[in-house]
Each structure stands twice: as C-alpha cells, then as structure tokens.
Amino acid sequence: MNDFAHNDDNRPLIVLFHGLSSSPLEFNFLSSQLTAAGYRVNAPTIAGYSFGGKASSWKFWLKEAIKHVQDLQKTESKPISLGGISLGSTLALAVASELNDILGVVALSTTLKYNGWAIPWYRSLIPFGMMVGLGDHFKYRERDPFGIKNPQIRAYIKRVLSSQDISSVGGLYMSLRHMHEGNKLCKYATKNLSRVSSSVLTIHAIDDEIANTFNAELVGEKSNASLLRQIYLGNSYHMITVDNERETVAYETQNFLDLIYGKIEPIPSEEKILAPELQRFLRNLNRID
C-alpha cells in the first residue's frame with residue numbers, strides 16, 4: 001500500500017487504482033495536486049495486478065481492492081471516494097458497484113473495451129493464446145506512443161524504459177494472462193455499471209489510442225450516478241495523468257471532489273463539459289449519419 005500523505009481524519013480520502021501491470025507512479029502529479037488541495041491520496045498495489053510477478057485472477061484483484069477499501073472505511077470519519085486510470089478506473093467502478101458509502105468515482109481513461117486506434121489486431125487472439133499455454137510465456141511489450149501525445153514526454157519515457165522496467169506510464173511489458181484477466185474484469189464491470197450509484201466524473205481523451213470515447217459514454221449511459229460529470233480532452237492520449245493536459249485532469253478532479261464533499265456549490269450547467277475538439281468530433285459524426 002502507498003499513502004502519499006500523512007494520516008489526517010479531517011481530510012477526505014481518495015483511493016486511486018493504477019492501470020494493469022503498472023504502479024502508483026502514474027499518479028505522482030495528480031496526487032501531489034490533490035494533497036496540496038487538502039485531500040489524502042492512497043494508491044494501493046495488488047499482487048498479480050501491479051507490475052512484477054505472475055498475474056493473478058481478476059476475481060482476486062477485485063477481492064483485494066474491496067478489502068482494502070473496506071479496511072479504510074472502518075477508520076474514516078468521512079465517506080471515501082475512489083478513482084483510477086485505464087483498467088484501474090474499471091477496477092474502481094467494479095469496487096463501487098459492490099460497496100456502499102462510496103461518495104464519488106473519478107474514472108480516468110476508463111477501459112471497458114480495448115477499442116482505441118493503436119490496439120493491435122492480434123489482441124482478439126488472446127483466448128487462443130491462453131488455450132495453447134502462452135499465458136505466462138508471452139509478454140506484450142509497451143511501444144510507441146506509450147499513451148503519450150507530447151513528444152518530449154514520450155521521448156523521456158522511452159529513455160526511462162530503455163534502462164528500467166517501470167515508468168510513470170506503466171510497466172515495460174505485461175503477460176498474456178494479465179490481458180486475459182483484464183478482459184474478464186472489463187466484462188464484469190460493464191455488466192454491473194447499473195449498480196454504481198456514487199457521483200461519477202469521467203475524463204477521457206478523444207484521441208485515446210487504447211480505449212475510445214465509447215468507454216466514457218458507456219459509463220454515463222449505464223451507471224446510475226447520483227451526479228455525472230463528463231469531460232473530454234483534445235490534446236492527450238491514454239495516459240492523461242502524465243500527458244499534455246495533466247493540469248486540467250488535476251484541476252477537474254479537485255473541482256469534482258470539492259463539489260461532492262461540499263466545499264463548493266454545484267453549478268448545473270457544468271454537469272457535462274465538452275471540449276471544442278469533442279464538439280468538432282460530434283459535428284463530423286452527425287455529418288456521417
């Protein structure tokens with residue numbers, strides 16, 4: 001378990017789940033901003049889900065995540081909020097579908113279906129690979145664009161991964177079994193979205209190369225969020241906590257938390273924010289229809 005701040009019961013706690021086969025490094029910037037804004041950030045690691053070691057089952061990931069949050073709830077005077085990026089967002093939504101008293105969910109680059117423009121065609125062969133025994137032997141290596149649109153940040157990530165196996169955008173590789181179990185978690189979370197009644201914030205890049213905007217829209221359509229705010233970014237790829245608009249992600253996350261914890265008054269017109277890039281995307285889509 002990683003806790004980015006000192007224990008202080010007077011400050012609300014948000015639990016952030018990192019992406020599959022990755023680490024809490026993905027939240028370095030976001031956690032620092034939230035801590036400065038008066039929140040505590042807790043970013044757990046889960047054996048077989050986090051980077052390093054053999055993959056465990058998706059049911060184990062969910063069980064451990066639920067237990068972690070329940071243990072924290074026992075000592076908190078205020079309701080806990082959850083968040084995550086990529087499959088960590090999926091995990092947060094799955095946990096919220098199982099637990100009561102989750103105040104909010106911050107769903108960043110939610111991945112319920114791997115349908116982005118950079119997904120390789122052979123991903124559909126994962127079940128076959130598992131069937132022939134490649135689950136722990138085949139390892140998918142991360143490659144360009146590493147979830148990053150900014151060329152300078154991407155070059156830095158390349159340099160880091162040339163000398164070590166982990167960076168702020170994830171691990172250098174993940175096993176076929178990780179991906180197979182991840183797909184199962186996606187199906188479970190999608191099936192149970194209607195059980196999510198917390199306030200929900202989705203932030204998604206319209207050019208996300210791993211999971212396109214359908215994923216955020218599905219959360220909005222299928223969840224029973226008491227408050228729904230959806231934000232779309234126009235100058236980032238998948239790893240929005242690290243890429244060009246990381247400041248926007250931090251600001252909007254803080255604003256959402258301030259709202260649900262009663263620090264600011266709600267503004268109805270802000271329930272859904274559309275970036276100019278998304279407006280362009282929707283106009284083009286309407287022309288096609």
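Guide: Two strands count as paired if DSSP finds at least two bridges between them, and the strands themselves (E, at least two residues), like the helices (H or I, at least four residues), are DSSP runs numbered from the N terminus. This is a predicted model, in which local features need pLDDT of at least 70, side-chain atom pairs count only at pLDDT 80 or more, and totals for chains, interfaces and linings use all residues. Residues are numbered from 1 along each chain as its sequence is written, and side-chain values use heavy atoms, with hydrogens and water left out.

Visitor: What joins strand 5 to strand 10?

Guide: Strand 5 (residues 102-108) is joined to strand 10 by five bridges, and these two strands also run parallel. Val 105 stands opposite Val 200 in strand 10.

Visitor: What makes strand 10 count as mostly covered?

Guide: A residue is buried under 20% relative accessible area, exposed over 50% and partly exposed in between, using a 1.4 Å probe and protein chains only. In strand 10 (residues 199-205), seven of its seven residues are buried. Ser 199, Leu 201, Ile 203 and Ala 205 point one way, while Val 200, Thr 202 and His 204 point the other. In a regular strand the side chains alternate between the two faces of the sheet.

Visitor: Why is the pair of Trp 58 and Tyr 188 called tilted?

Guide: Rings of Phe, Tyr and Trp (its six-membered ring) pair if their centres lie within 6.5 Å, and planes under 30 degrees apart count as stacked, over 60 as edge-to-face and the rest as tilted. The centres of Trp 58 and Tyr 188 are 5.0 Å apart and their planes stand at 40 degrees, so the pair is tilted. The two residues are 130 residues apart, with Trp 58 in helix 2 (residues 58-73) and Tyr 188 in helix 6 (residues 176-191).

Visitor: Why is the pair of Trp 117 and Tyr 237 called edge-to-face?

Guide: Their centres lie 5.4 Å apart and their planes are at 75 degrees, so this pair is edge-to-face. Trp 117 has 53% relative accessibility and counts as exposed, whereas Tyr 237, at 14%, counts as buried.

Visitor: What makes Arg 123 a charge over the ring of Tyr 114?

Guide: A charge sits over a ring if NZ of Lys or CZ of Arg is within 6 Å of the ring centre and within 35 degrees of the ring normal. Arg 123 lies over the face of Tyr 114, at 3.7 Å from the ring centre. Lys 263 lies over the face of Tyr 39, at 4.1 Å from the ring centre.

Visitor: Which residues touch the most other members of the largest nonpolar core?

Guide: A nonpolar core is a set of buried Ala, Val, Leu, Ile, Met, Phe, Trp, Tyr and Cys residues joined through side-chain atoms within 4.5 Å. In the largest, with 42 residues, they are Trp 61, Leu 62, Leu 82, Leu 87, Leu 91 and Val 95. A second, separate core of 34 residues includes Leu 201.
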